[in-house]
Amino acid sequence: MSTTHQPLGIDIGGSGIKGAPVDLQRGEFAAERLRIETPQPSTPDAVADVVAEICDHFADQTGDSPIGVTFPAVVTSGVVRSAANVDKTWVGTDAQRLISARVGRQVVVVNDADAAGVGELHYGAARNCDGLVLVATLGTGIGSALLNCGALVPNTELGHLEIDGYDAESRAANSAREAEGLSWEQWAGRLQRYFGAVEDLFWPDLIVIGGGVSKKSERYLPHLHLRAPIVPAQLANAAGIIGAAWLAEQASR
Ligand code: BGC
(Lines give C-alpha, C1' and ligand atoms only; values in the text may rest on other atoms or scores of the structure.)
Protein backbone atom coordinates (compact mmCIF):
# COMPACT_ATOMS: atom_id res chain seq x y z
CA MET A 1 0.00 0.00 0.00
CA SER A 2 1.15 3.49 -0.77
CA THR A 3 2.07 5.43 2.38
CA THR A 4 0.42 8.62 1.14
CA HIS A 5 -2.91 7.01 0.43
CA GLN A 6 -5.61 6.15 2.92
CA PRO A 7 -7.69 2.97 2.97
CA LEU A 8 -11.31 3.32 1.88
CA GLY A 9 -14.23 2.10 3.98
CA ILE A 10 -17.60 1.39 2.37
CA ASP A 11 -20.81 0.54 4.20
CA ILE A 12 -23.46 -1.29 2.14
CA GLY A 13 -26.88 -0.80 3.72
CA GLY A 14 -30.46 -1.45 2.68
CA SER A 15 -31.19 2.19 1.83
CA GLY A 16 -27.77 3.77 1.29
CA ILE A 17 -24.21 2.85 0.33
CA LYS A 18 -21.73 5.13 2.09
CA GLY A 19 -17.98 5.47 1.79
CA ALA A 20 -15.07 7.57 3.02
CA PRO A 21 -11.28 7.38 3.14
CA VAL A 22 -10.19 6.70 6.71
CA ASP A 23 -7.36 8.23 8.70
CA LEU A 24 -6.27 5.22 10.75
CA GLN A 25 -4.01 7.30 12.99
CA ARG A 26 -6.99 9.25 14.28
CA GLY A 27 -9.80 6.78 13.64
CA GLU A 28 -11.87 9.26 11.65
CA PHE A 29 -12.93 10.07 8.11
CA ALA A 30 -10.20 11.77 6.07
CA ALA A 31 -12.76 13.37 3.73
CA GLU A 32 -16.47 14.02 3.69
CA ARG A 33 -18.47 10.81 3.38
CA LEU A 34 -20.25 10.07 0.08
CA ARG A 35 -23.71 8.46 0.23
CA ILE A 36 -25.49 6.97 -2.77
CA GLU A 37 -28.96 5.41 -2.66
CA THR A 38 -28.88 1.62 -2.69
CA PRO A 39 -30.19 0.50 -6.10
CA GLN A 40 -33.47 -1.42 -6.12
CA PRO A 41 -33.41 -4.32 -6.58
CA SER A 42 -30.10 -4.41 -4.73
CA THR A 43 -28.59 -7.23 -6.78
CA PRO A 44 -24.85 -7.97 -6.51
CA ASP A 45 -24.03 -6.38 -9.89
CA ALA A 46 -26.06 -3.23 -9.23
CA VAL A 47 -24.47 -2.77 -5.79
CA ALA A 48 -20.96 -3.45 -7.16
CA ASP A 49 -21.53 -0.62 -9.68
CA VAL A 50 -22.25 1.82 -6.84
CA VAL A 51 -19.22 0.61 -4.88
CA ALA A 52 -17.08 1.24 -8.00
CA GLU A 53 -18.56 4.76 -8.26
CA ILE A 54 -17.56 5.50 -4.66
CA CYS A 55 -14.04 4.17 -5.33
CA ASP A 56 -13.72 6.46 -8.35
CA HIS A 57 -14.94 9.44 -6.34
CA PHE A 58 -12.13 8.97 -3.78
CA ALA A 59 -9.44 7.84 -6.25
CA ASP A 60 -7.13 10.79 -5.49
CA GLN A 61 -7.08 10.22 -1.73
CA THR A 62 -7.06 6.43 -1.75
CA GLY A 63 -4.96 5.49 -4.82
CA ASP A 64 -4.58 1.72 -4.93
CA SER A 65 -5.02 1.29 -1.16
CA PRO A 66 -7.16 -1.61 0.13
CA ILE A 67 -10.91 -1.29 0.54
CA GLY A 68 -12.93 -2.54 3.49
CA VAL A 69 -16.60 -3.21 2.75
CA THR A 70 -19.35 -3.96 5.26
CA PHE A 71 -22.39 -6.03 4.36
CA PRO A 72 -25.56 -6.60 6.45
CA ALA A 73 -25.42 -10.41 6.46
CA VAL A 74 -23.24 -13.35 7.47
CA VAL A 75 -19.97 -13.18 5.49
CA THR A 76 -17.41 -15.97 5.67
CA SER A 77 -14.17 -15.67 3.67
CA GLY A 78 -15.77 -12.91 1.62
CA VAL A 79 -18.82 -15.01 0.67
CA VAL A 80 -22.32 -13.81 1.67
CA ARG A 81 -24.17 -16.60 3.47
CA SER A 82 -27.48 -15.08 4.58
CA ALA A 83 -29.88 -12.33 3.51
CA ALA A 84 -32.28 -11.27 6.30
CA ASN A 85 -32.76 -7.69 5.06
CA VAL A 86 -31.08 -7.69 1.62
CA ASP A 87 -31.80 -9.07 -1.85
CA LYS A 88 -31.83 -12.87 -1.66
CA THR A 89 -29.63 -13.18 -4.79
CA TRP A 90 -26.67 -12.28 -2.57
CA VAL A 91 -26.68 -15.66 -0.83
CA GLY A 92 -23.67 -17.63 -2.08
CA THR A 93 -22.12 -14.60 -3.82
CA ASP A 94 -18.38 -14.18 -3.35
CA ALA A 95 -18.74 -10.46 -2.64
CA GLN A 96 -15.03 -10.01 -2.06
CA ARG A 97 -14.13 -11.45 -5.44
CA LEU A 98 -16.96 -9.64 -7.25
CA ILE A 99 -16.02 -6.20 -5.91
CA SER A 100 -12.29 -6.74 -6.17
CA ALA A 101 -12.65 -7.75 -9.85
CA ARG A 102 -14.81 -4.66 -10.48
CA VAL A 103 -12.47 -2.11 -8.89
CA GLY A 104 -9.10 -3.82 -9.43
CA ARG A 105 -8.03 -3.38 -5.81
CA GLN A 106 -7.65 -5.53 -2.75
CA VAL A 107 -11.02 -5.82 -1.00
CA VAL A 108 -12.11 -7.23 2.35
CA VAL A 109 -15.85 -7.82 2.91
CA VAL A 110 -17.16 -8.34 6.45
CA ASN A 111 -20.44 -8.35 8.36
CA ASP A 112 -21.59 -4.79 9.13
CA ALA A 113 -21.86 -5.21 12.91
CA ASP A 114 -18.47 -6.94 13.07
CA ALA A 115 -16.93 -3.96 11.28
CA ALA A 116 -18.63 -1.55 13.71
CA GLY A 117 -17.34 -3.64 16.62
CA VAL A 118 -13.77 -3.43 15.30
CA GLY A 119 -14.15 0.34 14.89
CA GLU A 120 -15.37 0.74 18.47
CA LEU A 121 -12.64 -1.60 19.72
CA HIS A 122 -9.79 0.42 18.26
CA TYR A 123 -11.13 3.97 18.41
CA GLY A 124 -14.33 4.12 20.43
CA ALA A 125 -16.32 2.87 23.41
CA ALA A 126 -14.73 -0.60 23.57
CA ARG A 127 -11.15 0.71 23.70
CA ASN A 128 -9.22 -0.45 26.75
CA CYS A 129 -11.84 -3.06 27.69
CA ASP A 130 -10.01 -6.36 27.94
CA GLY A 131 -13.02 -8.48 28.93
CA LEU A 132 -15.97 -9.56 26.78
CA VAL A 133 -17.65 -6.74 24.86
CA LEU A 134 -20.92 -7.00 22.93
CA VAL A 135 -21.47 -4.32 20.32
CA ALA A 136 -25.11 -4.38 19.16
CA THR A 137 -26.24 -2.25 16.23
CA LEU A 138 -29.93 -1.30 16.30
CA GLY A 139 -31.20 -0.37 12.85
CA THR A 140 -33.35 -2.20 10.30
CA GLY A 141 -32.14 -5.38 11.97
CA ILE A 142 -30.02 -6.08 15.04
CA GLY A 143 -26.38 -6.78 14.35
CA SER A 144 -23.93 -8.12 16.89
CA ALA A 145 -20.16 -8.14 17.32
CA LEU A 146 -18.61 -10.13 20.14
CA LEU A 147 -15.10 -9.06 21.11
CA ASN A 148 -13.20 -11.16 23.61
CA CYS A 149 -10.08 -9.46 24.98
CA GLY A 150 -9.78 -7.56 21.70
CA ALA A 151 -10.39 -10.57 19.44
CA LEU A 152 -13.50 -10.61 17.26
CA VAL A 153 -15.67 -13.73 17.22
CA PRO A 154 -17.20 -13.14 13.76
CA ASN A 155 -20.79 -13.59 12.54
CA THR A 156 -22.47 -14.06 15.92
CA GLU A 157 -25.93 -13.05 14.58
CA LEU A 158 -27.41 -12.46 18.04
CA GLY A 159 -30.18 -10.36 16.50
CA HIS A 160 -31.80 -13.59 15.43
CA LEU A 161 -32.09 -15.18 18.86
CA GLU A 162 -35.62 -16.48 19.34
CA ILE A 163 -37.14 -14.67 22.32
CA ASP A 164 -40.78 -15.12 23.41
CA GLY A 165 -41.38 -16.95 20.12
CA TYR A 166 -40.12 -14.08 17.94
CA ASP A 167 -37.02 -13.44 15.89
CA ALA A 168 -35.57 -10.88 18.34
CA GLU A 169 -34.81 -8.19 15.75
CA SER A 170 -38.44 -8.15 14.59
CA ARG A 171 -39.40 -6.86 18.10
CA ALA A 172 -36.39 -4.89 19.30
CA ALA A 173 -34.69 -3.36 16.22
CA ASN A 174 -35.12 0.37 15.66
CA SER A 175 -37.28 -0.49 12.62
CA ALA A 176 -39.78 -2.20 14.98
CA ARG A 177 -39.93 0.96 17.13
CA GLU A 178 -40.68 3.04 14.03
CA ALA A 179 -43.10 0.59 12.39
CA GLU A 180 -45.13 0.07 15.57
CA GLY A 181 -44.96 3.70 16.68
CA LEU A 182 -43.51 2.73 20.07
CA SER A 183 -42.59 5.42 22.57
CA TRP A 184 -38.93 5.44 23.63
CA GLU A 185 -39.97 3.98 26.98
CA GLN A 186 -42.00 1.19 25.34
CA TRP A 187 -39.08 0.40 23.08
CA ALA A 188 -36.75 0.38 26.07
CA GLY A 189 -38.97 -2.39 27.49
CA ARG A 190 -38.29 -4.44 24.37
CA LEU A 191 -34.56 -3.73 24.69
CA GLN A 192 -34.62 -4.73 28.36
CA ARG A 193 -36.14 -8.12 27.43
CA TYR A 194 -33.64 -8.57 24.59
CA PHE A 195 -30.46 -7.57 26.38
CA GLY A 196 -31.55 -9.36 29.54
CA ALA A 197 -31.79 -12.62 27.55
CA VAL A 198 -28.47 -12.00 25.76
CA GLU A 199 -26.80 -11.18 29.06
CA ASP A 200 -28.01 -14.42 30.66
CA LEU A 201 -26.35 -16.37 27.83
CA PHE A 202 -23.08 -14.48 27.31
CA TRP A 203 -22.35 -12.41 30.43
CA PRO A 204 -20.55 -9.55 28.64
CA ASP A 205 -18.51 -7.05 30.69
CA LEU A 206 -19.68 -4.17 28.51
CA ILE A 207 -22.51 -3.61 26.02
CA VAL A 208 -22.09 -0.93 23.33
CA ILE A 209 -25.11 0.28 21.33
CA GLY A 210 -24.32 1.15 17.72
CA GLY A 211 -26.30 2.33 14.71
CA GLY A 212 -27.87 5.74 14.05
CA VAL A 213 -30.01 5.48 17.18
CA SER A 214 -26.87 5.47 19.34
CA LYS A 215 -26.99 9.27 19.01
CA LYS A 216 -30.31 9.34 20.91
CA SER A 217 -29.25 7.02 23.71
CA GLU A 218 -30.43 9.38 26.47
CA ARG A 219 -34.03 8.59 25.43
CA TYR A 220 -33.86 4.84 26.14
CA LEU A 221 -30.67 3.81 27.95
CA PRO A 222 -31.76 5.31 31.32
CA HIS A 223 -34.71 2.84 31.31
CA LEU A 224 -32.45 -0.21 30.99
CA HIS A 225 -31.25 -2.13 34.04
CA LEU A 226 -28.67 -4.74 33.18
CA ARG A 227 -25.71 -6.30 34.94
CA ALA A 228 -23.17 -4.95 32.46
CA PRO A 229 -22.70 -1.24 31.80
CA ILE A 230 -24.46 -0.29 28.55
CA VAL A 231 -23.14 2.73 26.63
CA PRO A 232 -23.61 4.34 23.20
CA ALA A 233 -21.04 3.82 20.46
CA GLN A 234 -18.56 6.67 20.30
CA LEU A 235 -18.16 6.52 16.52
CA ALA A 236 -21.95 6.24 15.97
CA ASN A 237 -22.68 5.48 12.31
CA ALA A 238 -19.05 5.93 11.26
CA ALA A 239 -17.92 2.83 13.19
CA GLY A 240 -18.54 0.37 10.34
CA ILE A 241 -16.64 2.34 7.71
CA ILE A 242 -13.73 2.96 10.08
CA GLY A 243 -13.62 -0.66 11.27
CA ALA A 244 -13.79 -2.00 7.71
CA ALA A 245 -10.93 0.25 6.62
CA TRP A 246 -8.91 -0.94 9.63
CA LEU A 247 -9.53 -4.60 8.70
CA ALA A 248 -8.62 -3.96 5.05
CA GLU A 249 -5.35 -2.32 6.07
CA GLN A 250 -4.51 -5.24 8.37
CA ALA A 251 -5.28 -7.78 5.64
CA SER A 252 -2.95 -5.99 3.22
CA ARG A 253 0.10 -6.30 5.47
C1 BGC B 1 -28.36 -9.66 9.78
C2 BGC B 1 -26.98 -9.40 10.33
C3 BGC B 1 -26.69 -7.91 10.32
C4 BGC B 1 -27.78 -7.16 11.03
C5 BGC B 1 -27.57 -5.65 10.96
C6 BGC B 1 -29.36 -8.84 10.57
O7 BGC B 1 -30.65 -9.06 10.06
O8 BGC B 1 -28.70 -11.04 9.88
O9 BGC B 1 -26.02 -10.10 9.57
O10 BGC B 1 -25.45 -7.68 10.95
O11 BGC B 1 -29.04 -7.46 10.47
O12 BGC B 1 -27.55 -5.19 9.67
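Predicted model: local features only at pLDDT ≥ 70, side-chain atom pairs only at ≥ 80, totals over all residues.
The chain splits into domain 1 (8-111) and domain 2 (125-234). Both domains give residues to the shell around the ligand, so the ligand lies between them.

**Where the ligand sits**

- From domain 1 (8-111), the residues around the ligand include Pro-72, Ala-73, Val-74, Ala-84, Asn-85 and Asn-111.
- From domain 2 (125-234), they include Ile-142, Gly-143, Glu-157, His-160 and Glu-169.
- Asp-112 is also one of the residues surrounding the ligand.

- Glu-157 puts a side-chain N or O atom 2.5 Å from an oxygen atom of the ligand.
- For Asn-111, a side-chain N or O atom is 3.0 Å from a ligand oxygen.
- Asn-85 has a polar side-chain atom 3.1 Å from an oxygen atom of the ligand.
- As for cover, the ligand on its own has 310 Å² of accessible area, and the protein covers 94% of that.

**How the two domains meet**

- Taken over C-alpha atoms, the centres of domain 1 and domain 2 are 24 Å apart.
- Direct contact between the domains involves seven residues of domain 1 and seven residues of domain 2.
- The ligand belongs in this picture too, because domain 1 and domain 2 both contribute to its shell and it lies between them.

Notes
Residues numbered from 1 in each chain as written. Heavy atoms only, no water. Near = heavy atom within 4 Å. Polar contact = N/O pair within 3.5 Å; in protein donor to acceptor, adjacent residues only side chain to side chain. Areas by Shrake-Rupley, 256 points an atom, 1.4 Å probe, with all protein chains shown as cover. Domains from an automatic or database assignment. Contact = heavy atoms within 4.5 Å.
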